[in-house]
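Dear colleague,

Please find the structure below, as promised. My notes on what turned up in it follow.

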Amino acid sequence: MQKITPFLWFNDNAEEAIEMYTGIFKNSEIGHKVYNNGSMPGAKGSLFTATFWLEGQQFMALNGGPMFSFSPAISLFVNCETQEEVDELWEKLSAGGQQQRCGWLQDKFGVSWQIIPSALQRLIYVQDAQQAKRVMDAMLQMNKMDIAKLEEAARMDH
């Protein structure tokens, strides 16, 4: 059993969010669902809470009502191995949401995600301070991460 599990509070669309997330990530599944029997907040018969897994990470979701909303202060960081993975996740997760700078986006439910290529860490966490700065400067100009442009910035000889 996972010791720490992210718990996501939705207004009334947790089921839609879970279906979307598990449809996007290949290694995912939906676990136990609890539907409102009338004794819980929200509409009778609607999803109250559920567990689901994305790439082996367990999450819980709740239709808790409008009292709270998501904030970029907490985001889900997705480590991507290829540009194709970055492109696919970026497009699917940002659909109906908002694309932001430096690999960040908010999905249509307001959940913040960071879609980051693993190459970024390899290129930025180096002894060469000038290379790190060039890569950082390139990243700060991007919305969706572009591995080829990050690698090009790392190779520049200025």
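**Pockets**

The lining of the second largest pocket is made up of 9 nonpolar residues, 5 polar ones and no charged ones. In this count Ala, Val, Leu, Ile, Met, Phe, Trp, Tyr, Cys and Pro are nonpolar, Asp, Glu, Lys and Arg are charged, and the others, Gly among them, are polar.

Before the rest, a note on the source. This is a predicted model, in which local features need pLDDT of at least 70 and side-chain atom pairs count only at pLDDT 80 or more, while totals for chains, interfaces and linings use all residues. Residues are numbered from 1 along each chain as its sequence is written, and side-chain values use heavy atoms, with hydrogens and water left out.

The second largest pocket holds about 240 Å³ of space. A pocket here is an open set of points on a 1 Å grid over the protein atoms alone, where a 1.4 Å probe fits, with protein on both sides within 12 Å along at least five of seven lines; lining residues have an atom within 4 Å of a point. Grid points are joined across faces, edges and corners, and the volume is the space filled by probe spheres set on the points.

The second largest pocket has 14 lining residues, and Phe7, Leu8, Phe70, Ser71 and Ile74 lie nearest its centre. Strand 1 (7-10) and strand 5 are the elements that give two or more residues to this lining. Strand 1 gives the most, with 3 residues. Helices (H or I, at least four residues) and strands (E, at least two) are DSSP runs, numbered from the N terminus.

The largest pocket has about 280 Å³ of space. Its lining consists of 15 residues, with Phe25, Leu54, Glu55, Val78 and Leu89 nearest the centre. Two or more residues come from each of strand 4 (57-63), strand 5 and helix 2. Strand 5 supplies the largest share of this lining, 4 residues. By residue class, the lining of the largest pocket has 9 nonpolar, 2 polar and 4 charged residues.

Two strands count as paired if DSSP finds at least two bridges between them. Strand 6 pairs with strand 7 (residues 104-106) in the antiparallel sense, over 2 bridges. In this pairing Gln98 stands opposite Gln106 of strand 7.

**Salt bridges**

The whole structure has 8 salt bridges, each being a side-chain nitrogen of Lys or Arg within 4 Å of a carboxyl oxygen of Asp or Glu. Three of them are described here.

Glu15 is bridged to Lys33, with the closest N and O atoms 2.9 Å apart. This pair links distant parts of the chain, since Glu15 is in helix 1 (residues 14-24) and Lys33 in strand 2 (residues 28-35), 18 residues apart. Glu15, Glu19 and Lys33 are linked in a network of salt bridges.

Lys108 forms a salt bridge with Glu16, and the closest N and O atoms are 3.0 Å apart. Lys108 lies in the loop between strand 7 and strand 8 (112-117) and Glu16 in helix 1, so this pair ties together parts that are 92 residues apart in sequence.

Glu88 and Lys92 form a salt bridge with the closest N and O atoms at 2.8 Å. Both are in helix 2 (residues 83-94), 4 residues apart, which means about one helical turn separates them.

On accessibility, buried means under 20% relative accessible area, exposed over 50%, and partly exposed in between (1.4 Å probe, protein chains only). Partly exposed residues include Glu15 at 26%, Lys33 at 24%, Lys108 at 42%, Glu16 at 42%, Glu88 at 28% and Lys92 at 36%.

**Cysteines**

How many disulfides are there? The count comes to 0, a disulfide being a pair of cysteine sulfur atoms within 2.5 Å. The closest cysteine sulfur to that of Cys80 is in Cys102, 15 Å away, which is too far for a bond. Cys80 is buried, at 0% relative accessibility. Cys102 also counts as buried, at 16%.

Regards
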